[in-house]
Amino acid sequence: MGLLTFKKGVHPPDMKFLSKDKEIKRLEAPKNVYIPMSQHIGAPAKCVVKKGDMVKVGTKLGEMGGFVSANIFSSVSGTVKDIVMYPNVFGAKSQTVVIENDERQIKENFNPLKEEESKLIIEKIKEGGIVGMGGATFPTHVKLSPPPEKPIDTIIINGAECEPYLTSDYRLMLEMPEKVIGGLELLLKALNAKFGYIGVESNKIDIYQKIAKLLEGKSNMKAVLLKTKYPQGAEKQLIYAITKRKVPTGGLPMDVGVVVQNSGTAAAIYELIKEGKPLYERIVTVTGNGIKEPGNFLIPIGTPISYVIEKCGGLTDDAGKIILGGPMMGISVDNLDIPVTKGTSGILVMTENEIFKEDYDRCIRCGKCVTTCPMNLSPFKYIDLGEQKKYLEAAEWNVLDCIECGSCVYACPSKRPIIQFVKMEKAKIIEERKKGSKK
Ligand code: SF4
Ligand code: SF4
């Protein structure tokens with residue numbers, strides 16, 4: 001069978017050997033957890049507890065602050081110690097509930113969904129605070145609410161895990177494949193979709209074989225083997241690889257009748273619907289040559305990164321950089337008080353030798369950024385325009401289509417900081433469009 005894929009992309013070393021054979025272990029919660037009201041794309045949740053309140057595992061701490069928002073739940077039982085402005089992954093501060101853990105892990109009564117009707121499934125997903133767990137953190141109920149003129153016929157579970165180093169999805173699919181498959185079945189019901197795929201990269205062929213076997217005899221679901229290439233797990237690239245449908249410029253997967261969900265999200269949906277468990281913990285890969293004992297852990301949301309690192313034996317002497325997520329799209333952090341949130345797929349520690357230099361050279365017009373860009377853009381142009389402060393002109397070069405995958409930066413011999421300029425240009429264009437002066 002030929003491997004399915006998309007055009008262009010890059011082949012960074014996958015580095016998954018550091019943690020792929022480490023079974024998922026539950027990490028005990030620390031004495032205090034720090035649970036932010038904003039862990040998703042959209043409006044922050046509104047805090048619904050106050051200092052001194054007693055909470056259980058699964059108590060709602062934050063109520064959705066709008067349609068594009070998500071409920072937030074406690075990951076421990078104990079007492080609300082404080083509500084503070086606390087550092088987040090973006091280097092700012094956001095409202096955070098601090099809970100003193102009583103170490104009893106008393107749970108709320110979780111109610112599974114009795115009748116799995118499409119509307120009820122989506123309503124329950126909204127109530128349970130599910131967001132995209134591959135790192136995007138887009139509220140899942142919003143993705144599952146396309147307008148009537150855009151019916152969905154296909155659901156794709158993204159099991160590509162194309163970011164180097166990360167193995168949390170791999171371990172999930174290896175150890176709990178029934179949850180991922182069950183999540184896909186629920187998604188098919190929720191959207192009345194005809195067919196579901198679980199896409200797995202060829203560097204995880206054991207998973208592909210396992211899932212394909214479990215799906216034998218099912219007429220509406222199939223495992224598909226994808227070429228190991230970055231960014232194979234990006235939505236548009238994954239949709240093209242599997243269905244050959246092309247999401248139009250500026251469009252969304254629903255424009256071609258598809259919804260994509262990460263395998264971690266599918267498992268979270270399964271746990272919520274079948275067991276009643278809201279989203280208050282997640283699997284995180286802790287890895288890199290800068291951490292002493294890499295592994296995959298089920299971590300209560302709100303656990304500070306410093307605590308996780310300590311439980312993994314600490315940093316090596318030559319640890320140089322900590323990234324939340326993978327090396328291609330992750331965010332570098334220097335404050336280890338930051339907690340694990342719904343979007344933390346990995347904690348990657350690179351050594352000083354492995355860090356990519358901050359200095360960059362001139363563009364040598366080699367064209368490598370163009371030949372690797374999976375969105376067929378001209379990435380060098382974004383720096384040219386940015387350096388000339390012609391930010392708005394980047395719209396003419398389709399900068400809004402950039403998925404910030406980092407393939408161009410990886411391929412660039414001069415290590416030009418293309419994404420930095422892309423982000424700036426996108427922000428300026430969106431701001432300008434909001435003001436109504438379209439360029
Ligand atoms: S321009 Fe954007 S989409 Fe293209 S390779 Fe660079 S980061 Fe990826
Ligand atoms: S890869 Fe780098 S050096 Fe080559 S054209 Fe693109 S920006 Fe310039």
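**The largest cavity and its surroundings**

Tutor: Please note that this is a predicted model. In the largest cavity, 16 residues make up the lining, and those nearest its centre are Cys373, Pro379, Cys402, Cys405 and Cys408.

Student: What is the volume of the largest cavity?

Tutor: Two cavities reach 30 Å³ or more. For the largest cavity, the computed volume is about 100 Å³.

Student: Which helix gives the most to the lining of the largest cavity?

Tutor: The helices α10 (379-387), α11 (407-411) and α12 (418-434) each supply at least two residues of this lining. With three residues, the helix that gives the most is α12.

Student: Is Gln237 buried or exposed?

Tutor: Gln237 belongs to helix α6, which spans residues 235-243. A residue is called buried when its relative accessible area is under 20%. The relative accessibility of Gln237 is 4%, and therefore Gln237 is buried.

Student: Which residue has its backbone oxygen 3.3 Å from a polar atom of the side chain of Gln237?

Tutor: Leaving aside neighbours within four places in sequence, Gln237 is in contact with Phe6, Pro231, Gln232, Pro374, Met375 and Ile403. The backbone oxygen at 3.3 Å from the polar side-chain atom belongs to Pro374.

Student: Which strands are the edge strands of the open sheet?

Tutor: The open sheet has four strands in the order β2-β8-β7-β4, with antiparallel pairing. An edge strand pairs on one side only, and the edge strands here are β2 (32-36) and β4 (54-55).

Student: What is the bridge partner of Val55 in β7?

Tutor: Strand β4 runs antiparallel to β7 (residues 78-87), and two bridges join them. In β7, the residue bridged to Val55 is Gly78.

Student: What is the relative accessible area of Gly62?

Tutor: Gly62 is located in strand β5, residues 60-63. Not counting residues up to four places away in sequence, Gly62 touches Met37, Ala45, Lys46, Cys47, Val48, Asn71 and Ile72. Gly62 is buried, and its relative accessible area is 0%.

Student: How many Å apart in space are Gly62 and Gly314, C-alpha to C-alpha?

Tutor: In sequence, Gly62 and Gly314 are 252 residues apart. In space, taken from C-alpha to C-alpha, the distance between Gly62 and Gly314 is 32 Å.

Conventions
Residues are numbered from 1 along each chain as its sequence is written. Chains are lettered from A and ligands numbered from 1 in the order in which they are written. This is a predicted model: local features need pLDDT of at least 70, side-chain atom pairs count only at pLDDT 80 or more; totals for chains, interfaces and linings use all residues. Side-chain values use heavy atoms; hydrogens and water are left out. On a 1 Å grid over the protein atoms alone, a cavity is a set of points where a 1.4 Å probe fits but cannot get out, and a pocket is an open set with protein on both sides within 12 Å along at least five of seven lines; lining residues have an atom within 4 Å of a point. Grid points are joined across faces, edges and corners, and a volume is the space filled by probe spheres set on the points. Two strands pair if DSSP finds at least two bridges between them. Buried means under 20% relative accessible area, exposed over 50%, partly exposed in between (1.4 Å probe, protein chains only). A polar contact is a pair of N or O atoms within 3.5 Å; within protein, one must be able to donate a hydrogen and the other to accept it, and residues adjacent in sequence count only if both atoms are side-chain atoms. Contact means heavy atoms within 4.5 Å.
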